[in-house]
Amino acid sequence: SIGINAEYGVIIKDDAPNRLFFSKHLQFLLSYAKNQNSYEYVMSEWLRASGVYWCLTALKLLKNDDLKEGQLYDFVMSCYSKEKGGFGASEYHDPHILYTLSAVQILAMIDRLEDLDVDNIVSFITGLQQDDGSFYGDEWGEVDTRFTFCAFATLALLGRLYDCNVNMGVQFILECRNFDGAFGCVPGSESHAGQVFCCVGALSIANRLHLLDIDQLAWWLCERQLPSGGLNGRPEKLPDVCYSWWVLASLKIIGRAHWLDKASLIKFILAAQDDETGGFADRPGDMVDPFHTLFGLAGLSLLGDTCLEKVNPVLCLPQPLVDNLGLKLEIVCQRD
């Protein structure tokens, strides 16, 4: 259903999927973990906590509540290190801030946050913050603006944001801003849409969006849209459905989502579905997976698909859950 060339990246043909295969996506997600002997399942152990988060959130956006919450809780807690206070990707894996956020998001969706040793988790996260405001991902010392977002988001979900040094965390984010208004992993690194989302999301949680040059950043983000309607993560790259989240959510937070061509983006996302198995791929014609399925659905939710649950653009959680938790996340009002 597609072709690829250097100028356009992806050309969507007339026979590409053009409607949401709601029930097929449900079947795809519900069946994904049943075959635990599959190659895909075995090889995904290193990110399984995030994989469970992707599947669960996608199911919630599809308004499916027929979930085995006891099994979900048992899996998440098997990833917990009582000694260190964080969660790993799977049982016996070292704790990492990425999977700690995924674990807390899962427990929030199944209403089990009260079962956590919050002080221990908070101690794990705050212990990863460095003197310059940045956060390590784990004890081995990698620094990345993703980890600042993970820290702020996890602490906010636990009601303990200000246990870390928010001001220093914000200052580190600003040091990662480039001349184009966008953000990289660390100071001086290339601007990337995934990092932009993490930095904008963290500033939203910290109520510091006023520190952004919103129109300059929005222009850089809008330049990620290609003639196919899809979005890429940085210049000269192919479009990818996951950027229907990273780019669009960033624009939603700063009140500029209407600067994109909505209709062509919807067309691109829908074309990336598999109309036989369900699920979304990175781009039309490729293999589907839970990661792109979540962010395809989340992008469609942000674009106003009323068949789907409304998604929060900062935390990528169902908006009713965020409301019930009483979280106040800064969102800029839309402006022409």
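This is a predicted model: local features need pLDDT of at least 70, side-chain atom pairs count only at pLDDT 80 or more; totals for chains, interfaces and linings use all residues.
1. Two packed helices are described by the angle between their axes and the distance between the axes. For α4 (residues 69-78) and α5 (residues 97-109), the angle is about 155° and the axes are 10 Å apart. Angles over 145 degrees count as roughly antiparallel, and α4 and α5 are therefore roughly antiparallel to each other.

2. Which residues in α4 and α5 meet? From α4 come Tyr-73, Val-76 and Met-77, and from α5 come Ala-103, Ile-106 and Leu-107. If you sort the residues of this contact by type, you get six nonpolar, no polar and no charged.

3. Now try a second pair, α1 (residues 22-31) with α3 (residues 48-61). Their axes come within 10 Å and cross at roughly 150°. That makes α1 roughly antiparallel to α3, and the crossing of α1 and α3 is left-handed. On the α1 side you'll find Leu-26, Leu-29 and Leu-30, which meet Cys-55, Ala-58 and Leu-59 in α3. The contact of α1 with α3 divides into six nonpolar residues, no polar and no charged.

4. Next, have a look inside. The largest nonpolar core has 116 residues, and the ones with the most contacts inside it are Phe-152, Ile-205, Trp-245 and Leu-315. Click on Phe-152 and skip its neighbours within four places in sequence: its contacts are Phe-135, Leu-161, Cys-164, Val-166, Gly-169, Val-170, Ala-202, Ile-205 and Ala-206. Apart from that core lies another one, of seven residues, including Val-10, Ile-12, Val-241 and Ala-272.

5. Is Gln-273 buried or exposed? Gln-273 sits in the loop between α12 (262-271) and β3 (280-281). Its relative accessible area is 7%, and buried means under 20%, so Gln-273 is buried. Setting aside residues up to four places away in sequence, Gln-273 touches Pro-17, Arg-19, Leu-20, Phe-21, His-25, Gly-279 and Phe-280. For a sense of distance, Gln-273 and Lys-34 are 239 residues apart in sequence, and their C-alpha atoms are 21 Å apart in space.

6. Arg-283 belongs to the loop between β3 and β4 (288-289), and with a relative accessibility of 13% it counts as buried. Leaving out residues up to four places away in sequence, Arg-283 touches Val-10, Leu-238, Pro-239, Asp-240, Phe-268 and Ala-272. Val-10 and Ala-272 are also among the residues of the seven-residue core.

7. Asp-111 has a phi near 60°, a positive value in a residue other than glycine. Asp-111 is in the loop between α5 and α6 (118-126), and at 58% relative accessibility it counts as exposed. Glu-236 also has a positive phi, near 70°, and is likewise a residue other than glycine. You'll find Glu-236 in the loop between α10 (214-222) and α11 (243-253). At 78% relative accessibility, Glu-236 counts as exposed.

Note on methods: Residues are numbered from 1 along each chain as its sequence is written. Side-chain values use heavy atoms; hydrogens and water are left out. A nonpolar core is a set of buried Ala, Val, Leu, Ile, Met, Phe, Trp, Tyr and Cys residues joined through side-chain atoms within 4.5 Å. Buried means under 20% relative accessible area, exposed over 50%, partly exposed in between (1.4 Å probe, protein chains only). Contact means heavy atoms within 4.5 Å. Axes are lines fitted to C-alpha atoms, for helices over the stretch in contact, and angles run from 0 to 180 degrees between N-to-C directions. Helices (H or I, at least four residues) and strands (E, at least two) are DSSP runs, numbered from the N terminus. Angles under 35 degrees count as roughly parallel, over 145 as roughly antiparallel, 65 to 115 as roughly perpendicular and the rest as oblique. Ala, Val, Leu, Ile, Met, Phe, Trp, Tyr, Cys and Pro count as nonpolar, Asp, Glu, Lys and Arg as charged, and the others, Gly among them, as polar. A crossing is left-handed if the near helix is turned anticlockwise from the far one by less than a right angle, and right-handed if clockwise.
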